Amino acid sequence: MLARVRALLAMVVVLVIVGGGPATPPMAVAGAADSATGPPVVLPRIDCAALAGQDLSGTAGAPAVIASATETTSPDGSASCEVKGTVAPQIQFDVFLPATTWRQRYLQLGCASLCGNIDFYADASDGCVPLNRGDFVLATNNQGHVGVSGFDATFGADPQLRVDFGYRADHVVAVVAKRVIALYYGQGPRYSYFDGCSQGGHEGLTEAQRYPHDFDGIVAGAPASILTSLIVWSTGWHATANTDAHGRPVLTAAELPVLHAAVLRECDARDGLADGQIDDPRACAFDPGSLRCATGTDSAGCLTGAQVEAVRKLYDGPRDERGRLMYPGGEPVGSEANWARWVTPTADGAPAVAANNATNALRYLAYPGARPSLTLRDLRYDSATFREIYQRAGIYDATDPDLTAFRAAGGKLLLWHGWADPAITPYGTIAYYHAVVERMGGTAATQKFARLFMLPGVAHCGGGQGPDAIDALTPTLDWVEKGIAPDRLVATQRQDDDTVVRTRPVYPYPAVARYDGSGSTDDAVNFAPAAPPTRYRDDIAWRGSFRSGYEQTCEWRDGHWICTPARKPS
């Protein structure tokens with residue numbers, strides 16, 4: 001595990017860039033600008049301890065207080081000044097300011113799940129890894145509330161804390177952190193970045209949409225951007241679809257290897273390589289009915305009728321009484337080996353998190369006020385309930401495809417998502433990016449400032465069966481600071497002892513990696529970009545479609561939902 005964390009700390013998964021102009025002249029500048037390392041080093045102009053006495057209460061829209069300023073080491077071991085404080089009412093922040101190595105860059109990190117605390121290493125094993133190379137000022141925050149680490153939604157009983165979590169916290173922390181930087185170094189950052197995966201990816205998209213001048217470039221991984229429907233309908237569906245009438249799980253971790261192996265037999269080689277990962281799960285319409293046990297039998301190599309139906313529901317996603325999707329997609333084919341913990345209990349018996357997460361969301365985030373007695377049995381998958389709960393999307397969601405202001409500000413957006421993500425289906429990210437492409441003038445125009453990278457076989461923010469370690473920092477810096485757009489990322493797969501077992505290139509969506517026919521299929525150098533063999537529809541129609549005012553009609557035929565494309569109501 002330690003090797004895994006070290007490997008993850010050596011990469012950057014998600015970054016967002018925050019702009020900031022110079023203030024007063026810096027106290028000292030060491031060295032000249034270098035294309036490999038970035039702008040020249042700027043040294044502090046005041047002692048670290050002097051920051052503790054600075055008054056930030058008058059910061060417009062972000063009254064703040066500094067609780068402490070101490071000399072310490074940053075997460076990478078470099079000498080730094082650590083500043084801790086609070087923006088009213090409960091937004092706690094932590095900032096590391098390098099003492100001798102700052103190259104005028106600011107990096108703000110997102111948090112995971114529902115946040116509620118500050119821990120730079122809390123999500124290292126999930127790939128949402130904090131990073132400070134020594135040349136960044138590094139900051140993060142608790143997303144506006146104090147809570148138990150994980151999915152503690154009780155803060156939602158307070159309307160202001162909902163707003164701070166939904167969209168305010170990262171913005172005001174960026175404002176305050178830049179002011180702290182200016183006080184310490186005598187100038188603000190030349191370039192600013194934001195890094196986040198999952199909820200952190202949602203935060204990055206929120207910044208691009210609501211506060212387009214905060215960051216120069218954003219890397220958002222597996223973004224929980226359709227948050228309202230994700231935490232209620234998608235997560236709730238994971239729980240209810242896999243629960244029988246007695247409250248017991250239908251599928252357990254024991255069935256997942258058999259199911260995933262059957263998927264690979266059916267689907268793996270369709271992308272041209274039988275390599276244990278599926279390039280695009282939409283290329284295979286796997287039917288779990290092929291694993292149905294013979295009548296009257298129940299063995300380890302097959303699925304019961306109830307289990308087959310549970311898998312079908314999980315693939316399909318949540319639907320209302322008229323068959324319309326309540327979230328854009330279900331579990332992707334090929335993600336089955338990653339369902340333990342998210343959808344099913346783990347092998348050691350730990351319960352799946354879906355029921356707990358959806359219940360917390362239903363009680364404290366879904367309605368205008370807290371309803372702490374609700375359970376998932378009270379959740380109705382119908383259009384009336386969807387409309388009622390969807391009214392909170394204006395607080396929580398980051399689904400606006402109009403990034404005109406962000407583009408005009410010179411911002412750059414790097415999106416990525418794993419094709420085998422069991423927690424946040426990749427189809428939602430694809431649907432959002434499609435909406436951006438349509439709104440921003442087509443693929444060529446969009447890729448000048450926003451690109452999406454899809455990682456085959458990768459689970460939630462890392463892990464899974466495919467190469468999951470990517471360096472998103474260097475390409476993002478080059479895009480912002482040199483104008484070099486990222487044409488590919490190289491993903492790396494390592495064993496627990498840190499041995500590299502596979503590398504693969506990942507190209508801007510919709511391009512895919514194709515083996516050139518020579519050399520090892522585990523070496524990225526032997527692959528080239530290619531157009532996808534089949535171009536699938538990306539504009540997934542659902543009840544909260546990115547195209548507001550559009551509706552979809554569906555009917556049940558031959559055991560499947562048949563849906564018309566979304567269209568404006570007459």
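Which residues in H4 meet which residues in H7? Ile231, Val232, Thr235, Gly236, His238 and Ala239 do so on the H4 side, and Ala354, Ala355, Asn357, Ala358, Ala361 and Leu362 on the H7 side, where contact means heavy atoms within 4.5 Å. The model is a predicted one, in which local features need pLDDT of at least 70 and side-chain atom pairs count only at pLDDT 80 or more, while totals for chains, interfaces and linings use all residues. Residues are numbered from 1 along each chain as its sequence is written, and side-chain values use heavy atoms, with hydrogens and water left out.

First, the overall picture. The chain holds 13 helices and 18 strands; these are DSSP runs (helices H or I, at least four residues; strands E, at least two), numbered from the N terminus. Of the 570 residues in the chain, 56% are buried, which is to say under 20% relative accessible area, with exposed meaning over 50% and partly exposed in between (1.4 Å probe, protein chains only). Among contacts between residues at least 6 apart in sequence, 69% join residues at least 24 apart.

Back to H4. The axes of H4 and helix H7 (residues 354-364) come within 8 Å and cross at roughly 145°; axes are lines fitted to C-alpha atoms, for helices over the stretch in contact, and angles run from 0 to 180 degrees between N-to-C directions. H4 passes H7 in a left-handed crossing, meaning that the near helix is turned anticlockwise from the far one by less than a right angle, with clockwise giving a right-handed one. The contact of H4 with H7 has eight nonpolar, four polar and no charged residues. Here Ala, Val, Leu, Ile, Met, Phe, Trp, Tyr, Cys and Pro count as nonpolar, Asp, Glu, Lys and Arg as charged, and the others, Gly among them, as polar.

H4 (residues 227-241) also packs against helix H8 (residues 383-390), at an angle of about 140° and with the axes 10 Å apart. That makes H4 oblique to H8, since angles under 35 degrees count as roughly parallel, over 145 as roughly antiparallel, 65 to 115 as roughly perpendicular and the rest as oblique. Thr228, Ser229, Val232 and Trp233 of H4 make this contact with Thr385, Phe386, Ile389 and Tyr390 of H8. Five of the residues are nonpolar, three are polar and none is charged. The crossing of H4 and H8 is right-handed.

Within H8, Ser383, Thr385, Phe386 and Ile389 are buried. They sit on the same side of H8, because they cover an arc of only 160° around the axis, taken from the directions from the helix axis to the C-beta atoms. Their cover includes H4, H7 and helix H9 (393-396).

Another pair is helix H2 (residues 159-185) and helix H3 (residues 199-210), packed at about 70° with axes 9 Å apart, and therefore roughly perpendicular. By class, the contact of H2 with H3 has two nonpolar, five polar and four charged residues.

The loops have a few details of their own. Ser198, in the loop between strand S9 (191-197) and H3, has a positive phi near 65° and counts as buried at 11% relative accessibility. Arg341, between H6 and H7, has phi near 85° and is partly exposed at 37%. A cis peptide bond runs from Ala88 to Pro89, with omega near 0°, and another cis bond joins Tyr509 and Pro510, with omega about 15°.
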